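Dear colleague,

I am handing over the structure below, and after it you will find my notes on what I found. Please read them with the structure open beside you.

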Amino acid sequence: MVGGAPGAADDQTVNTETTGTRRQAAQQEEDDDDDDGIDWSKMPPEEVFKRFDTDGSGEIDLEEFKVMLKKLKIHMSSAKAVKYFKMCDVDDSGQIDFEEFRVALFACDPNNGNPIGFAPNALLTPIDAFEMFDEDGSGNINEDEFYFVLEYLKLEVSDANQERLFLKYDKDQSGEIDYDEFRQIWLAVADVKKELTDRGVDVPKFASRKKLERILEKCLDEEEEQERRAMAEAERWRTWRAILDQKNEYIKHARRRAQIELCKALDAAGQIYVFGRGARGQFGAQGEKDGTHEIVQKLWTRRVTAGKADFDPDRKMDSLETKDAIDVEALKNELASSPFNDLVVGENAAKLWGKRVYDAAISDTVILAQSDLGELWTWGGSDHWWYEIEPDAHWQTHWRGDTTPRSQLLLGTRFKPEPPPPEVDELGELNDGSEALKVVLTYYGKWSAPPPDVDRRKFYADECLPNVDYNWIVTSLEVRGKQPEEMTKLMLCDLLHRDIMLEKRVLGERAHRRIHELEEEIRELKKVRRVALAKRLVVDITKMWAPLREIQAEEDARDRQKKQTEVVENIAKREHAYEAWRQQVKEAAEATSPERTARGNSIVIESGGITARGAGHKIAQGYAAIKQIAGGAQHFAAVHQSGALYTWGLGSGGRLGLDITENGDPRADATRPTVVQALASTPVLTTACGYSHMACVTTSRDLYVWGSAASGKLGLGLAAKEEECYASLPVHLPLRPKNRPLLRTVSCGAAHTAATTTDGELFVWGCGDGGRLGLGREGLATHWSPRRVDALFEAGHRIGDVSCGNAHTLAVTLIEEVWTGTGTNRMKEKQGGQVFAAGSASVLGLFHPAFDRVMGELASVQAVQASAGFAHSGVVTSEGELYCWGMNDDGCCAAHPKVRFLAEPTLAACIYSRPGNLALGRPARQSSCYGGQDAHVAVDGNCDGSSPELCTSTQQDPQAWWEVDLGDFANLHIVKLWNRTDEPPDQTMARDKYSSRLVPCWIMADKRCTTWHVPENISARYIRVQLEGFNFLHFAQLEVFGIIGVQGSVGRCSRVVCGKHCTVAIIRPLSDPADINRVYKRAILSDAQNADILRERETFALEYDKYGRGGKDMECIICTGGQKCENCLMKERFAGELKDLSLGAAGRVLTLDEMAEMLLDAPKPPLNFTPKVVVDNSWAGKLQQRLAGKKSDDSVKKAKVAPDDGSVASGGSTKSKSSKRSKRSRSSRGKKSEAGSKKSGGAPPAPDWLVPGAGWAT
């Protein structure tokens, strides 16, 4: 199509393809791209970017970027897409990552992105084509580039016309034209009417070509200015994001440090780990949530489930990206290398983290835990096994409890009331912001009902809000006296919603509708450029809104004051609640008058629950403190601090020993701990529970048994063989008629019982099937009376602990100090701690009819306690290691659940592992070799340095070094360097000539320097010994004691309890007050919020009273060795922003979250944008410029004194005319040079209401 105006054919004889045709082609391409049927615009940008990043490099190229924009329904020309891509590709790599892609989305998104409401159009604009071919970015194009631009715009211009047009506008004969000159060419040759129509501008019917060009030029000015502003906003957003990313990085490391220190503090106060989920999965339920402990639950879950959600469980340490060093405490490396990877560990034990857990007992369905302060907690319980309820059943209208009746007995929830129904938030949908959008959309007549089961806010924002022009909302706010700046469309909607609701509330619906009508009139007047009338209407609305602005100011002030008051009041409430709780705990601990049951026989002993199934939180009473607990299949027992024995649970077979205590039935169930009155006069020392019987040892070292006598497990003799019977009262059981032994411990299994004496004898009785009694092949029958295991006693093994399982028995010998050696070599050694096992092959791997020593890894360690479970076993060593073996059902042996059976004791390295010599036999090298003494000599295990042949040696080197590769990253504990000890044969030489060469030296652990005791949390793979000066390096041996893996142990295991498909490992609290003091100070120095968590643990109550939440005057003890901690590094890096750091609300020390909020709420960097001064070439604009120029000349004349001959005045007049001509000439050329740009901007700008893009049409 040929475009032109009469009289301008020479400049405009060109053929063009209409913009409408281009838009149809673009629409066709979009339809082709949407053939997959996926609405990509509804997907998160991250997911879209991930789908296009097919190679997983995290970057996309230009072509993928273009296709992605179409998929997201962001319409723009190819040239504009190239410009946006270049803007994002700051390193000119031809690839952009997701963060760079977000910059482009920010510039294009008027709803949640740029704060000026800019959205690119699909039109091919001249500036896009110009910048596309201006490859050097000089702002000019030559004649060749000019040809390519016209060809790209599909404007068919002959070579002659092209050359003539170029020469006409290249007025300085430089061979180049700038953009303003190129735009004048484009305006002359383009189809102006079609361009205006495509931009939604009403084209006057009888307007001349020149007038249409001026209208189109103004439209281009507005478009380019708005896009330039959007690009500047995007660049500022990129800079601001970079600043925030840097701050977030520091904050992330500081938070990670705070979490590490909090974990260490909680570890010091005791831990409990549950491996496996139980026979019915009852131990895998989530823990109870309660306020400040959510962070504790998250940290615990992250520890015990590390790698399952965030990382591939099969990922190994050698796949980690490591350079010179590895950040040991980085969350990524912790999760990837956590020792709990692939293990089944209960998450609900988080409630007991730091609660000083001392012991535990396991029934078939419930776990009972006890603290060293005597508190009790329970969790678990079986679900109802029948789920369908008959239509007329009683349970249709009545609550039947969370768990089965038997589980309720053990949990203490038999009389737990039905929980209230969950509260329904009827205003939930109104509080999500959708109602505000609905009000605004209705105000502009753009609201439509959302489909059912669709998020209302998302529907309004994605489908309806794009139909509302950004400038409409800005105008609505401006007429109400608001000046919205740097706000997205959604932010503007929230602001306008508040104004609309205030109008309706104060002025009424009638006045609100009148204001709306005036707004519509203002928009119509702006379209026809009737500015004066529009301003009068604005004044009318402003007057109506004057009292409303005062009301809003008062409401804002009240809201701010209310928020501040609420913060202070909430803090005061929390502090008051804490003080009241502390007082209750103190009074409960000091209570001396016990609360008794209705009959007055038993003290009320309550157990708290750690899950929603439990009985809730209970404050332990001092008079109800428990010192020992035990668990059977469906019952529990507890020894009170006074020695009284309490039992509760299932009572069948008389296993509770209560006789007629419970309603006259000796086999009745007990819903609460009830005292065994038959033993009231005999304090109990320890007790044990079996499947259906019990036993206890009193302070007089006597043994009592009761419950079912089946299989001879009570040891009552042949009377139980003749007739099935049970004992409902404790019966004294002598182990032998004469020479009564003094009992030490007792243990009950499913069908047998065992006891040890103070002399180290072991007695067993009951069912001998499978060899569980350990009496040999001839003792596989049932033994109705106690029988000593002679084989152990005669072999000199003194048994100190015994544990009976379902089909096997474990025995542990006493650890005793004995004198060894003679003369000067006489010394004390600890001997004993050997583990013996007897029982079925299904549990032990091999059939052991007699007690055989458990070998394997247990052969070289000393055991202090053993526990025999249903089908597996556990042993705790004197070093605090935990070993398990047997059936690994659901990972109950602290091993991978895919391993079905562990034939030999296997170390549970996730708890604790003894530091071993990791350097022994590892590859080593050195700077040089002297006399054949290579580096391997120092890792052969021989520490004798009395001969040169026994030592490694280098030549005399500058800074001689020796290095060993540990094979993998390891957590280091101790490094021992054994020096050479021989002396020179020449008596004239110094005796320490050889040994002194090693000092001074450096021991470097992966660029970390230390000697002997390695600082805490040091991880390395390569250990280097290096001299300072020029000398020989020779030494006998280097020993590196540590644990493979970057993570250290969680603590030394103190006790293990094995049950049915589960194992409980207990790490008791530290006993040294100095350790407690240190971990508490480190925790509160890393984050004051940690004090709120730790103060609710009894372990840290005194520390909180002493140090509180910390303060500025406390010296940071986390910073060590000249290396600052992450918190101090953050404060140092942003000292300028935190220099005015003061105490928080109510004078509290600021938490890390409050400091982070302060840093992230800092103002954005300044906007690097200067509005372009647009010269209006219309008659009104020229008249205004002449008037402004005349006023400027008059002011100059008044400021100067004219000479007599009038030369100055005449010269000034000439200069003024020349200046005007210069301005008119430059207005057609644009900003050709920097000087010209400055002169062109010298004229005073037009008023706001005349400047295009200021909200008013000119």
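His512 counts as buried because its relative accessibility is 7%, where buried means under 20% relative accessible area, exposed over 50% and partly exposed in between, with a 1.4 Å probe and protein chains only. The place of His512 is in helix α20, residues 508-527; helices here are DSSP runs of H or I with at least four residues, strands are runs of E with at least two, and both are numbered from the N terminus. Leaving aside neighbours within four places in sequence, His512 is in contact (heavy atoms within 4.5 Å) with Tyr443, Ile500, Glu503 and Lys504. With Glu503, the side chain of His512 also makes a polar contact of 2.7 Å; this term stands for a pair of N or O atoms within 3.5 Å, where within protein one must be able to donate a hydrogen and the other to accept it, and residues adjacent in sequence count only if both atoms are side-chain atoms.

Before going on, please keep in mind that this is a predicted model, in which local features need pLDDT of at least 70 and side-chain atom pairs count only at pLDDT 80 or more, while totals for chains, interfaces and linings use all residues. Residues are numbered from 1 along each chain as its sequence is written, and side-chain values use heavy atoms, with hydrogens and water left out.

Thr125 lies in a loop, the one between α6 (98-108) and α7 (126-133), and at 5% relative accessibility Thr125 counts as buried. Its side chain is joined to that of Asp128 by a polar contact of 2.6 Å. If neighbours within four places in sequence are left aside, Thr125 is in contact with Lys80, Arg199 and Glu223. From Ala79, Thr125 is 46 residues away in sequence, yet the C-alpha to C-alpha separation in space is 8.7 Å.

Asn248, which is found in helix α12 (residues 209-268), has a relative accessibility of 35% and therefore counts as partly exposed. Between Asn248 and Leu1159 there are 911 residues of separation in sequence, and 9.1 Å in space from C-alpha to C-alpha.

What residues make the contact between α3 and α4? On the α3 side they are Val48, Phe49 and Phe52, and on the α4 side Glu64, Val67, Met68 and Lys71. By class, this contact has five nonpolar, no polar and two charged residues, where Ala, Val, Leu, Ile, Met, Phe, Trp, Tyr, Cys and Pro count as nonpolar, Asp, Glu, Lys and Arg as charged, and the others, Gly among them, as polar.
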